[in-house]
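Open the model in your viewer and keep the selection panel at hand.

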Amino acid sequence: MRTGTGWDIHRLISGRPLILAGVPIPSDRGADAHSDGDAAIHALIDALLGAAALGDIGTHFPPGDDAFKDIDSALLLKKTLSLISDYRIINIDITIVLQNIRLAPHISEMRERLAILLDLPVTAVSVKAKTAEKLLGELGTGEAVEAMASVLLQEKTVSLETEGDQWV
Ligand code: MG
């Protein structure tokens, strides 16, 4: 088993869509980013790469590369899955911090979208949302969105069979 953590933050500006965990969120502003700025998926990608000790999102998808301009982060996630194909994902847990926009009505759709992208049961996909309690600078004033992710991977070569109390 291997764990990984990821974190991302994007400034929110007008004239951009707000997409989180692959789901468009009604908002008068969205992430200022080279890609579509999906902070939840970016944090998840870093957690997956981190668990496999394969660097980070910038290593594999450089922000200066025109190939990734405005790219759907779901595609970056799919490419990440091919990089960690020696592992199966046991579960993921994501926390999104966003002020002024209620994410609660979108949590189910975000979990379902990620479950499809990751080919996991929705019970293995957790998405939580918090506000910044109107504190903490740009996060508290709703001028930024932040996301954290944690994942657990298992090497595919490791058998799930057990013998007595011992993993074999
Ligand atoms: Mg990002």
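A patch here joins residues with over 30% relative accessible area and no salt bridge: like charges within 9 Å, nonpolar side chains (Val, Leu, Ile, Met, Phe, Trp, Tyr) within 5 Å. A salt bridge is a side-chain nitrogen of Lys or Arg within 4 Å of a carboxyl oxygen of Asp or Glu. Accessible areas are Shrake-Rupley values with a 1.4 Å probe, and only the protein chains shown count as cover for residues.

This is a predicted model: local features need pLDDT of at least 70, side-chain atom pairs need 80 or more, and totals for chains, interfaces and linings use all residues. Residues are numbered from 1 along each chain as its sequence is written, and side-chain values use heavy atoms, without hydrogens or water.

**Surface.** Select Trp7, Ile9 and Met148. They form a nonpolar surface patch with about 270 Å² of accessible area together. Ile9 counts as partly exposed because its relative accessibility is 34% (buried is under 20%, exposed over 50%, partly exposed in between; 1.4 Å probe, protein chains only).

**Metal site.** Now pick the magnesium ion. Asp8 (OD), His10 (NE2) and His42 (ND1) coordinate it at 2.1 to 2.2 Å. Donors are N, O and S atoms within 2.8 Å of the metal (3.2 Å for Na, K and Ca); water is not among the atoms, so sites may look incomplete. The sequence spacing of the donor residues is D-x1-H-x31-H. Asp8 and His10 are both buried.

**Inside.** Finish with Phe61 and Phe68. Both are buried.
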